[in-house]
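Here are my notes for anyone opening this one for the first time. Keep the viewer open and go through the points in order.

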Amino acid sequence: MSSRPPPSPARLDFGRIVFAFRLAGGRLSVRLDGRVLILMLALLVLTAALAALSLLSGKYPVALSQVFWALVGQGDDMVRMIVVEWRLPRVALAVLLGAALGVSGAIFQSLTRNPLGSPDIIGFSAGSYTGALMVILIFSGGYYETALGALAGGIVTAAAVYLLAWRRGVQGFRLIIVGIGVAAMLSAFNAWMIREADLQVAMAAAIWGAGSLNGLGVEQLLPLALMLCVLLPLTLLLSRPMRQLELGEDVARASGVDAGRIRLLLMMLGVALTALVTASAGPISFIALCAPQIARRMTRSAGVALLPSALTGGLLLLAADWAAQHAMGPQLPVGVMTVSIGGLYFLFLLIREGRK
């Protein structure tokens, strides 16, 4: 018997270098496009550079050498407290929350096959905000109760949008139109709840509703990191059937994909990622809209890529948070910065989709 030689780890595929790996005794195959791999490395380098800048910046200036010694547990106690206990958790939260928003946006844009299909446009972020507000204003809940309320609000809103958009199946554009209407109604309801609440509670809820990383630390970072360690790998496991769904349900079923079950699982994961961000920092808009499209254009891929979207989302939110703290004079909530920049991108997408 003759055995075929193992495939080369790098080969040329339609003019692009593709790295192919076989793991677990050949039962698992991983293919990485060379362009995508280079792009992800560049995004990681940019994120690391911006993270270092964020650790250096502030009312108490810190030198780069002091940051290094503080990160390795040496140096001045005051510098270690500022860098490790104050600034580093905020940087890590910005990257993780941005990555969650990028992946969530990639999921819904893939399911709807439309660049406007992000959770903040089709109402899921507003629904998570409604659930969190009800817990805060009515039950005076804490962090974990607010997180559960945000998750419940996002799930109920997703179910309502899905059922209202159902007409012998769900088309992406109908889902977007219904979602925009539901988001408008929920936004009005949220504003009414804040208006009717006690003044101090309403002010705190309104500031939180702008989307802010102020006041977040290790207490919020650890639960968030643990949840993402569960949600993100589950999403990556469904990346291949997600790409098959982009070709249409008939093609996906012909290739052995249970379209209904995979779509439901992806929607639940996307809603959970959105709700997790909303519960942690409030509704941060437009990162989920912009990150997948920017990543798709940089990779020149036919579909939405999850890992580049996650890295792009983390970089965008970290940059927006740094600009909100240091580039605009008085410190602003990061949501104000993302709305200011993302609104222009949203207008561009609306004009382009309208021309189509």
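This is a predicted model: local features need pLDDT of at least 70, side-chain atom pairs count only at pLDDT 80 or more; totals for chains, interfaces and linings use all residues.

1. Start with helix H1, residues 34-56. The buried residues of H1 are Gly34, Val36, Leu39, Met40, Leu43, Thr47, Leu50, Ala51, Ser54 and Leu55.

2. Serine 57 sits in the loop that runs between H1 and helix H2 (64-71). Is serine 57 buried or exposed? With a relative accessibility of 15%, it counts as buried, because the cut-off for that is under 20%. Its side chain reaches back to the backbone oxygen of leucine 53, at 2.7 Å. Setting aside neighbours within four places in sequence, serine 57 touches Arg87, Trp322 and His326.

3. Now the overall picture. The protein has 14 helices and 3 strands. Of its 356 residues, 47% are buried. The accessible surface is about 18600 Å², and carbon and sulfur atoms account for 68% of that. Take the contacts between residues at least 6 apart in sequence: 69% of them join residues at least 24 apart.

4. How enclosed is H11? Of its 23 residues, 18 are buried, so the helix is largely enclosed by the rest of the structure. Just past H11, glycine 282 adopts a positive phi of about 85°.

5. Next, the nonpolar interior. In soluble globular proteins, nonpolar side chains tend to be buried together. Here the largest nonpolar core has 78 residues, and the ones touching the most other members are Ile107, Phe124, Leu266 and Ile284. Helix H3 (residues 77-112) is the top contributor to this core, giving 14 residues. Apart from that core lies another one of 12 residues, including Leu137, Met193, Ala205 and Ala275.

6. Have a closer look at isoleucine 107. Which residues does isoleucine 107 contact, leaving aside neighbours within four places in sequence? The list is Thr235, Met242, Leu266, Leu269, Gly270, Leu273 and Leu306.

7. On to charges. Side chains of opposite charge can pair when their charged atoms come close. How many salt bridges does a search of the whole structure find? The count is 3. One of them joins the side chains of arginine 80 and aspartate 77, at 2.5 Å from N to O. Both residues belong to helix H3 and are 3 residues apart, about one turn of the helix. An α-helix has 3.6 residues a turn, so residues three or four places apart point the same way. Arginine 80 is partly exposed, with 25% relative accessibility, while aspartate 77 counts as exposed at 54%.

8. A salt bridge also forms between aspartate 321 and arginine 90, whose closest N and O atoms are 2.9 Å apart. This pair ties together distant parts of the chain: aspartate 321 is in helix H13 and arginine 90 in helix H3, 231 residues apart. Both aspartate 321 and arginine 90 are buried.

9. Glutamate 196 and arginine 195 form a salt bridge as well, with their closest N and O atoms 2.8 Å apart. Glutamate 196 has a relative accessibility of 45% and so counts as partly exposed, whereas arginine 195, at 66%, counts as exposed.

10. Finish with serine 309, which is found in helix H13 (residues 306-327). Its relative accessibility is 0%, so serine 309 counts as buried. A polar atom of its side chain lies 2.4 Å from the backbone oxygen of alanine 305. I'd zoom in on that pair in the viewer. Leaving out neighbours within four places in sequence, serine 309 is in contact with Gly102, Ala106, Ala291, Pro292, Ala295 and Val304.

How values were computed. Residues are numbered from 1 along each chain as its sequence is written. Side-chain values use heavy atoms; hydrogens and water are left out. Buried means under 20% relative accessible area, exposed over 50%, partly exposed in between (1.4 Å probe, protein chains only). Helices (H or I, at least four residues) and strands (E, at least two) are DSSP runs, numbered from the N terminus. Contact means heavy atoms within 4.5 Å. Accessible areas come from the Shrake-Rupley method with a 1.4 Å probe; for residues, only the protein chains shown count as cover. A polar contact is a pair of N or O atoms within 3.5 Å; within protein, one must be able to donate a hydrogen and the other to accept it, and residues adjacent in sequence count only if both atoms are side-chain atoms. A nonpolar core is a set of buried Ala, Val, Leu, Ile, Met, Phe, Trp, Tyr and Cys residues joined through side-chain atoms within 4.5 Å. A salt bridge is a side-chain nitrogen of Lys or Arg within 4 Å of a carboxyl oxygen of Asp or Glu.
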